[in-house]
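Hi,

Here is the structure I said I would pass on. Have a look at it first, and then read my notes below.

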Amino acid sequence: MTIFIAVVAIVVVVLIILAVQDLLQVRHAIRRNFPVIGRLRYGLEKIGPELRQYIVTDNDEERPFSRDQRRWVYSTAKKENQYFGFGTDNKMDRPQYPIVRQAAFPYQPPAVDNATNGNQDETYLPCAKVLGEWRERTGAFRPSSAVSISAMSFGSLSGPAIEALNRGAEIAGCLHNTGEGGVSHHHRHGGELIFQLGTGYFGARRPDGGFDLDKAVELVGATPAIKAIEIKLSQGAKPGLGGRLPAAKVTPEIAEARGVPVGITVASPAHHTAFGDVASMIDFIETVSAACGVPVGIKSAVGDRRFWSELAEEMRRTGRGPDFIAIDGGEGGTGAAPLAFSDHVSLPYRLAMAEVYKSFAAHQMHQKVVWVGAGKLGFPVEGLLAMTLGADMLAVGREAMLAAGCIQAQICHTGHCPTGVATHSKWLTRGLDPTDKSVRVANYIMNLRRELRHLANACGKSHPALVEGTSIDLLLGGNNLTSVWDHYGYDETSRGLASNRLDEVAGLLEGSAAQ
């Protein structure tokens, strides 16, 4: 009996020690939020491949992100071994499986002394175009990173998660989209911002819910980090659908960022009230840009074909319009939505980008604007393929969440996110340390840029924007395959960058200093 009591006492002491360790450490949100029990998750994760191989699923069956994809994000974020052994376990016969055709003589980047020129390392990947150049905006600039953090609002994500993303953006030197929930103090930790204006006009909102230009000017003037404004028409997660923020979630902190009363339900309508057609939207864009002094663009999922053709034609006719266009694929999903909308409304990214880009090319407008792609593009091959379809920049959302600690629990809409990323529970958010997670976010973004450069180099190019759609084939089953450009119907007018830009873009990574 004495021995039994001693054993129990030892076990209790060990558990107490482990619990204290878990509560005090800041690297793992799961362990901090769920002491001792949380350790089981990491044990199961370690033997996960064996369990899936013999019992459950393989590494590529899980959705929306496969185990291989999540493992790649986690390993890059933590600067762990990113290699996979024993060859691919992908089903290469699945429809539209991409194959990169490497060059016989890959591009060899010039040797650079990182000790004296740290900006020109392998993670440096500037945008191929100058944002705002077409309209000669006062605040035109070339984004120093072709990868940015996609729109995720404070409110949808926790304060610590937003802070981690913003700090990570500063470290990685990339843009951070605020999402439509306004600019909170969590967004003000050094990262440069794209201020998003949704239908609720949060941050630049009149008491009646309409747009207030004076407030927008005041916000941009008081926030030097805001480098551009994005007008959200719709998003891939719930296109054509408005939203409501319940009164219980309108805390003083959220109310301050959004410019709304505390404790009152706030609605975001499905449509804008500041404009109602293509011509008035362009007028709105020009007014906002002129007043705020920064480039202004639009973000949309792709549904109605006529809208894009009308927009391209109006831009060609008037010489006015958005400085950038963000195409959000229907597979995007940082916002919760009804199943019918998330599963069936709006085109997936590849089809969406091809349809809009070709429409603009038909009006000779595709080279004027900066194109931003979003929708599960935060992986090297998917990102490179997106750029061959015309994207100048990639916006990563859920992938950045994974880097910040998300484990794809898929309960974002319940307020019970176990890692503190998508919840406002004080107990759960305490487990997410912004300082630690910001480094992981930055590591992921920088490694994605490095991999994009490596793939471009393998194709014989210095910059991914120079890689042609003929360098990636899509397997169509059997012995059939086709190039990306042929598959999506790109003709000579819509293929690649304008010839007068080729040397400019090549020089971005061939010089001895960052542009």
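In helix α6, the buried residues are Gly159, Ala161, Ile162, Glu163, Ala164, Leu165, Asn166, Gly168, Ala169 and Ala172. "Buried" here means under 20% relative accessible area, while exposed is over 50% and partly exposed lies in between, using a 1.4 Å probe and protein chains only. That puts 10 of the 14 residues of α6 under cover. Among the elements that cover them are β2, β3 (175-177), β4, α14 (398-403) and α16. The helix runs over residues 159-172 and reaches 20 Å from first C-alpha to last, close to the 20 Å expected at 1.5 Å a residue; the expected span is 1.5 Å times one less than the number of residues.

Before you go further, some housekeeping: this is a predicted model, where local features need pLDDT of at least 70 and side-chain atom pairs count only at pLDDT 80 or more, while totals for chains, interfaces and linings use all residues. Residues are numbered from 1 along each chain as its sequence is written, and side-chain values use heavy atoms, leaving out hydrogens and water. The helices (H or I, at least four residues) and strands (E, at least two) are DSSP runs, numbered from the N terminus.

Now to α16, which was one of the elements covering α6. It has 25 residues and spans 36 Å between its end C-alpha atoms, close to the 36 Å expected. Like α6, α16 is mostly covered, with 19 of its 25 residues buried. Just after α16 comes glycine 460, with a positive phi of about 90°.

Which helix packs against α16 at about 65°? That is α13 (residues 380-388), and the two axes are 9 Å apart. Axes are lines fitted to C-alpha atoms, for helices over the stretch in contact, and angles run from 0 to 180 degrees between N-to-C directions. On the α13 side, Pro380, Val381, Gly383 and Leu384 take part, and they meet Leu448, Glu451, Leu452 and Leu455 of α16; contact means heavy atoms within 4.5 Å. By class, this contact has 6 nonpolar, 1 polar and 1 charged residues. For the classes, Ala, Val, Leu, Ile, Met, Phe, Trp, Tyr, Cys and Pro count as nonpolar, Asp, Glu, Lys and Arg as charged, and the others, Gly among them, as polar.

α13 is itself mostly covered, with 7 of its 9 residues buried: Pro380, Gly383, Leu384, Leu385, Ala386, Met387 and Thr388. Glycine 390 follows α13 and has a positive phi, near 125°. The C-alpha of glycine 390 is 8.0 Å from that of alanine 354, although the two are 36 residues apart along the chain. Alanine 354 sits in helix α12 (residues 349-362) and is buried, at 3% relative accessible area. Leaving aside neighbours within four places in sequence, alanine 354 is in contact with Tyr488 and Tyr490.

There is another helix pair to look at. The axes of α7 (residues 213-222) and α9 (residues 278-292) come within 9 Å and cross at roughly 40°. That makes the pair oblique, since angles under 35 degrees count as roughly parallel, over 145 as roughly antiparallel, 65 to 115 as roughly perpendicular and the rest as oblique. This crossing is right-handed too. Leu213, Ala216, Val217 and Val220 of α7 meet Thr287, Val288, Ala291 and Cys292 of α9, a set made up of 7 nonpolar, 1 polar and no charged residues.

Finally, a few spots in the loops. Most residues other than glycine have a negative phi. Tyrosine 201, though, has a phi near 50°; it lies in the loop between β4 (192-197) and α7. Glutamate 136 also has a positive phi, near 55°, and belongs to the loop between β1 (97-100) and β2 (147-149). Are these two residues buried or exposed? Tyrosine 201 is buried, at 0% relative accessibility, whereas glutamate 136 is exposed, at 71%. Lysine 249, in the loop between β6 (243-245) and α8 (252-258), is partly exposed at 44%.

Cheers

Methods. A crossing is left-handed if the near helix is turned anticlockwise from the far one by less than a right angle, and right-handed if clockwise.
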